[in-house]
Amino acid sequence: MTLSVSQAFDTLLQRLTPLQSDRDAKAKHRASVETSLKGAASFGVQLFRETGSFTHGTGVRGHCDVDLLASMTGKPASSDTALGWVKDTLSASFPYTVVVIRRPTVVVKFAGGNETWEILPGFRTSPRDETPAYDIPGAASGWMSSAPTAHLDFVNEVNGQNGIAGSAKKLARLAKAWKYYNNVPVSSFYLEMRAAQYMEVQTSFIAASRLCGYLEWLDKNALADMNDPKKIASRFSACSSTATRTTALSNLNTAATRARKALDAQQAGNMPNAFYYWNLLFGGKFPSR
């Protein structure tokens, strides 16, 4: 049966959704990771909070790490020190597992990297009766402020709006798929928050047109730093350095151009060209007709 573009996007979104087995395989390491960090002598741990795409419902199958924020005490002057504390502790607990610092987290590659955890050291800055805010390592250096529960609330609020229910997370998942399939050096968190911000002012969702508009919007804004939509944390960046931002901007401009060509072809009734350009945009992984 020949697929329409709309049906192809539905199929793609189904393929992108992580399987429960993926989640189960990765979640089994949580107890050992928490036990390791709780026993550390260099710092104290107040609580653990799972964050990231698995928790937000925006993960891409085959590209979902488990993100765990460790709320710690005794904030050092340097974020490098905090990352070093976590890396050294986990390396000692898992001597045969690769443990590396990849700002702003420490990455633990269980099962040869198939079951990856990213540990984010955080130091709470907000009072106990207010929305949790933390100082976390910056993408390149230093510290930045983050409010993970507030950010999740923002995504969920937009995702539940009448008329576009589910759309913010669908758009975020499509944007992340573009990133992963083309090795674009841009923050998944940034793409997700921008997807929610973009959908916040929309009244309908058709995947092809909204993805095209979203990519063109990002391109027009040149991946500018984003203000925290909840006004709790600091601004956050799309990329970790000037060099990666230059590469990401080039990739984004190409993607926006391809999306526009795909959408124009679709609206002109030229389905072969529409599928050709959508397939280019998704690195050869768009469903065929």
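Is C212 buried or exposed? In this predicted model, C212 has 0% relative accessibility and therefore counts as buried, the cut-off for that label being under 20%. C212 belongs to helix α9 and is one of the residues through which α9 touches helix α10.

**Packing around α9**

Helix α9 covers residues 207-221 and packs against α10, residues 242-267, at an angle of about 145°, the two axes lying 9 Å apart. The crossing of α9 over α10 is left-handed. On the α9 side, the contact is formed by A208, S209, C212, L215, E216, L218 and D219. On the α10 side, it is formed by L249, L252, N253, A255, A256, A259, R260, L263 and Q266. By type, these residues comprise 10 nonpolar, 3 polar and 3 charged.

Helix α9 also meets α8, residues 188-199; here the axes come within 11 Å and cross at roughly 115°. Because angles of 65 to 115 degrees count as roughly perpendicular, α8 and α9 are described that way. The crossing of α8 past α9 is right-handed. From α8, the contact takes in Y190, L191, R194, A195, Q197, Y198 and M199. From α9, the partners are R210, G213, Y214, W217 and L218. This set divides into 8 nonpolar, 2 polar and 2 charged residues.

A disulfide is a covalent bond between the sulfur atoms of two cysteines. In this model the count comes to 0 disulfides. C239 has 13% relative accessibility and so counts as buried.

| Residue | Relative accessibility | Class |
|---|---|---|
| C212 | 0% | buried |
| C239 | 13% | buried |
| T58 | 0% | buried |
| T242 | 65% | exposed |

T58 sits in the loop between α4 (53-56) and β2 (66-73). With a relative accessible area of 0%, T58 is buried. Leaving aside residues up to four places away in sequence, T58 touches S53, K169, A172, R173, K176 and E192. T58 and L280 are 222 residues apart in sequence, and their C-alpha atoms are 22 Å apart in space.

T242 is found in helix α10. Its relative accessible area of 65% is why T242 is classed as exposed, a label that requires over 50%. T242 and G122 are separated by 120 residues in sequence and by 25 Å in space, C-alpha to C-alpha.

Key:
Residues are numbered from 1 along each chain as its sequence is written. This is a predicted model: local features need pLDDT of at least 70, side-chain atom pairs count only at pLDDT 80 or more; totals for chains, interfaces and linings use all residues. Side-chain values use heavy atoms; hydrogens and water are left out. Axes are lines fitted to C-alpha atoms, for helices over the stretch in contact, and angles run from 0 to 180 degrees between N-to-C directions. Helices (H or I, at least four residues) and strands (E, at least two) are DSSP runs, numbered from the N terminus. Angles under 35 degrees count as roughly parallel, over 145 as roughly antiparallel, 65 to 115 as roughly perpendicular and the rest as oblique. A crossing is left-handed if the near helix is turned anticlockwise from the far one by less than a right angle, and right-handed if clockwise. Contact means heavy atoms within 4.5 Å. Ala, Val, Leu, Ile, Met, Phe, Trp, Tyr, Cys and Pro count as nonpolar, Asp, Glu, Lys and Arg as charged, and the others, Gly among them, as polar. A disulfide is a pair of cysteine sulfur atoms within 2.5 Å. Buried means under 20% relative accessible area, exposed over 50%, partly exposed in between (1.4 Å probe, protein chains only).
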